[in-house]
Amino acid sequence: MPKIKVFIVVPYEGLSELIFNIAKQYPMFDIRTEVGNLDQGVEAAVRAQRDGYQMIISRGGTAEMIQEAVSIPVISIDISGYDYMRVIALTHNFSGKAAIVGYHSITEGAQAIKTLLRSGIDIFTIDNSRELPGLLSELRRRDYLVIVGDTITAEKAKEMSFNAILLTSGEESVKKAFNDALKIYEYIQKYNLKTELLTETLRQIPQYCAVFDCTGNIVFQKLPEEAAGKMAAELAEYSKIVLSSGEQHALLDLGGHYWNETGTRIYAGGNHPYAVFYLSKCINQKSEMKGVTAENVQNTADFSITVFGRNSTYLRETYEEVQKFSKLCVPILIAGEIGTGKDALAKMIHSMGVNRQHPFIAIDGEIADSDSLKNSRALIDSDPFSTLYLKQLQAMSLQDQRLLLEMLAAPDFTRTHLLLASVCESPETMMVAGTLLEELGKRVGEYRIHLPSLRERSGDMRDLTGNYINLANSQYGKQIVAVDDGGLKLLTDFHWVTNLDQLQRIVFKLVMEAEEPYISAESVSKVLKSEDGLQPGHKKVPDKTLDEQIQDIIRNVLNEENGNLTRVSNRLGVSRTTIWRRMKNEWSEENSKK
């Protein structure tokens, strides 16, 4: 069994000799001593800790100072009652007045023995060594001849021509220090064994975990080695939420995988709060779930100003519906034209609802395929209280819709999961056209929220342009104030095709090109002319649905841009995938007619 490494700081050489003699009775100790007082003793103790010593023994004020400087146990060599009695008796061999001088650790014990013995020796206490010269000078003026104290006091008294008596520690005091050290060591060993057992138990559980204190510092971690640093940094941020709210459920996107995370607040050590996280890797890799995204929406439950406008009278009814539906765990269908803010509204409903602490999982109907849907099951099932958002439902094939129905048919799926969906036209229209399964349409379309187009909320144009100007100023480092009244009227009267997406793109372009604080009507007119190819002619096209009109627009712009999908995508403000899908469907229909 290895010996216990003990470093002993002694105030005088004689104590070192006594210690080595007594140490023979304690073979379990590997002892090293060094003579030093106060600061010298502290420096020696700090070096000893670096050298691997397990505990330190010292005496008096030096022991107190060492305790503040090291993290290993510090045991004090006490001055016993017998030590005091011996030194008081020794003062009787000297003529003249005697006094005991020292720190509280010395004088408190001396006072008790003085009272017990009814001794006439006087006792004086100092708080630091700087007080010592002045006190000794005062005692000399008062005719004191004998001074009893520790090493520092005795040396200074001797310099000032007093009869100096060193207050020494006897054999019984040293033995007590050794016995105390042995007890403390045995206690620490038991504590360390228990801690090691609990730590190893945590390391053996199948889940990963991490613990953070109230300042965000990690206390314990069992994280995958390849992502430990990133995970710890992200969890440190989440720990603030957990410490505040008491719990959290999130999905971490790290290393090509989604990690399901559950956080909880615990209390330990005098009611101190800690944030504990449990993590498990979702079965499938992120790359196997094309068109499927997961995030932790932390936004407050309010309309996004830049998307909806805070004071819109046109959206007041919509906002009231959101507040009502968000308190219920019911499927909600968001209907509206392209670019009306359906995705932002879905996240807002999530953040206002009972599922807000759980992940927001979106399946994009324009991108996801059958394999993505199959592989997403494990991600969705990893948290039974997550929100599932079916984005662009009208773009999904009937085969993929059947897969969705299988997923939604799971027992109690919509009782725990919040189910949201978005479409650009009514489910009834799609069901009649055969592009939406009737059962799926009924399942997601029972509760509906309609988002109006820009043409239906022209009175919001000033607020919306102001919000987008503010965003563009930040992005481009500009100081644009507003669009003038003439320009605002042009924007209000414009026939918007992709609504807010198109408006934001145009306002950003106006801000980027503006050279004056106010954007003029002339500048607005010039930019809007470049959008002419997007317009369906401002005239009513009889016997054509909105979808057919959009198809005509895409075809016209494709011709103008010689089939360059990137330029068409930039002009229309929609993804290349959307353009390709629509044109592919049209070409398939044309071929089937031939």
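Reader: Glad to be here! What should I know before I start?

Author: The model is predicted, so local features need pLDDT of at least 70, side-chain atom pairs count only at pLDDT 80 or more, and totals for chains, interfaces and linings use all residues. Residues are numbered from 1 along each chain as its sequence is written, and side-chain values use heavy atoms, with hydrogens and water left out.

Reader: Which strands does β3 pair with, and in what sense?

Author: Strands (E, at least two residues) and helices (H or I, at least four) are DSSP runs, numbered from the N terminus. Two strands pair if DSSP finds at least two bridges between them. Here β3 (residues 55-58) runs parallel to β1 (residues 4-10), joined by three bridges, and F7 stands opposite I56. Three bridges also join β3 to β4 (residues 74-76), again parallel, with S76 as the bridge partner of S58. From β3 the chain crosses through helix α3 (residues 60-69) to β4 in a right-handed β-α-β crossover: with the strands pointing away from the viewer, the path from the first strand over the helix to the second runs clockwise.

Reader: Are the side chains of β3 buried or exposed?

Author: Buried means under 20% relative accessible area, exposed over 50%, and partly exposed in between (1.4 Å probe, protein chains only). M55 and I57 point one way, I56 and S58 the other, and all are buried.

Reader: How many aromatic pairs are there, and how do I read one?

Author: A pair of aromatic rings is described by the distance of the centres and the angle of the planes. Rings of Phe, Tyr and Trp (its six-membered ring) pair if their centres lie within 6.5 Å; planes under 30 degrees apart count as stacked, over 60 as edge-to-face and the rest as tilted. By this rule there are ten pairs. Y26 and F29 have centres 6.0 Å apart and planes at 25°, so they are stacked; both are buried. Y208 and W259 are edge-to-face, at 5.6 Å and 70°. That pair links strand β9 with strand β12 (residues 257-268), across 51 residues. Y208 is partly exposed at 28%, while W259 is buried at 3%.

Reader: Which charged end sits over the ring of Y208?

Author: The rule asks for NZ of Lys or CZ of Arg within 6 Å of the ring centre and within 35 degrees of the ring normal. For Y208 it is K222, 5.7 Å from the ring centre. Likewise, K97 lies over the face of Y144, at 4.2 Å.
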